[in-house]
Amino acid sequence: MDMQQLKLFLSISRTLSFTRTAEEFFMTQPTVSNRIRALEEELGAALIQRSPHHVSLTAAGTAFSEYAASILELEAAATMRLRNLGADRPGYVRVAMLSSAAPHFSRALKEFSRRYPKVQVDVEMLEGSEMLRAISRTDFDLYFANEPMLPRQTGKLTYAVTGVSQLHLFVNKADLPSIDMEDWSTIGRHPFVSMQASDFTLSSQIERVCQNRGVKPEIMNYYNRADMLLLGVDSGAGVAILPPEVAALKCPENVTALPIPGDDAALRSVVAWKTESDNAEADRFRDIALAQSRVVRTQ
């Protein structure tokens, strides 16, 4: 099994066409077919169901596609890491970041890169349940997240509250005349678009904000990313409650954000790190991020 076989297989799983995959890789169709058959023989399982007019993945192929993608990602990460080590760039920091934390992270990364240009910084933008899983595993050096995502009692992570903002109501400008922030019944008449329920830390707070104002939101669509929610609002699918920093993700022209007053709408952003860190470069990145923010509380 080699990397090209995996790439060919993933291409076929996407295109469901040996012909299109052959065109993508500048190969002949028989060559692609032979490489896939060799992969199937090595794995001892049929990955692709073939017929004269139809191509589909078998159950084994569907299961293997996730592993193939992970192997390719790991191979690319390993290649980059070894390349940096060979070029005398031994430093390495892994960061998990919410999309709403992008402005803070970007400022810290800019300053860190200026001071330590030879350090490799890998960042993954995670949302909701993905971030919760990453925090529970503590497999990143730093986390730019929200306080409710951090466990109340843990010896593995220490965090600092780096800022407090108010949740905002994101509205299509065409709907603005019908909305009165002093009368939430006017907001409850509109459908909502929301993050998936698996992001229970944010969804629970939003539910509480609405409940405290006498509104039960009618959620029409769920999205797995905050920037996708903005597109939903822009399309007129509904209104959304999100951190104001999301607007920095290139908020659509037809969307405006209205601050929601009240302690229940306060959102505390944090930078978290391993309590027993053995990564000096990660510690330097953390110190820069904290210095650029107004640390409210450390826990």
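1. A word before we start: a residue is called buried when its relative accessible area is under 20%, exposed when over 50%, and partly exposed in between (1.4 Å probe, protein chains only). With that in hand, look at helix α9, where A226, L229, L230, G232 and V233 are buried. These residues sit on the same side of α9 because they cover an arc of only 160 degrees around the axis, the arc being that of the directions from the helix axis to the C-beta atoms.

2. A note on what you are looking at. This is a predicted model, in which local features need pLDDT of at least 70 and side-chain atom pairs count only at pLDDT 80 or more, while totals for chains, interfaces and linings use all residues. Residues are numbered from 1 along each chain as its sequence is written, and side-chain values use heavy atoms, with hydrogens and water left out.

3. Now the overall picture. The protein chain holds 10 helices and 13 strands; helices (H or I, at least four residues) and strands (E, at least two) are DSSP runs, numbered from the N terminus. Its C-alpha atoms fill a box of roughly 65 × 50 × 35 Å along the principal axes. Of the 299 residues, 43% are buried. Contact here means heavy atoms within 4.5 Å, and 74% of the contacts with a separation of 6 or more join residues 24 or more positions apart.

4. S194, in strand β8 (residues 192-195), is buried at 12% relative accessibility. Not counting residues up to four places away in sequence, S194 touches I219, N221, Y222, Y223 and L229. Just after α9, G236 has a positive phi of about 90 degrees.

5. R225 lies in the loop between β9 (219-223) and α9 (226-234) and is partly exposed, with a relative accessible area of 28%. Leaving aside neighbours within four places in sequence, R225 is in contact with M125, E127 and M195.

6. Helix α6 (residues 129-137) also has a buried side. M131, L132, A134 and I135 are buried, and they lie on the same side of α6 because they cover an arc of only 165 degrees around the axis. T138, which follows α6, has a positive phi near 50 degrees.

7. Next, a helix pair. Helix α5 (residues 102-115) and helix α10 (residues 280-291) pack at an angle of about 125 degrees, with their axes 9 Å apart. Axes are lines fitted to C-alpha atoms, for helices over the stretch in contact, and angles run from 0 to 180 degrees between N-to-C directions. That angle makes α5 oblique to α10; angles under 35 degrees count as roughly parallel, over 145 as roughly antiparallel, 65 to 115 as roughly perpendicular and the rest as oblique. The contact is made by H104, F105, A108, L109, E111, F112 and R115 of α5 and E281, R284, F285, I288 and A289 of α10.

8. Finally, two loop residues for your backbone check. Most residues other than glycine have a negative phi. L16, in the loop between α1 (3-15) and α2 (18-24), has a positive phi near 55 degrees and is partly exposed at 40%. F26, in the loop between α2 and α3 (29-43), also has a positive phi near 55 degrees, but counts as exposed at 79% relative accessibility.
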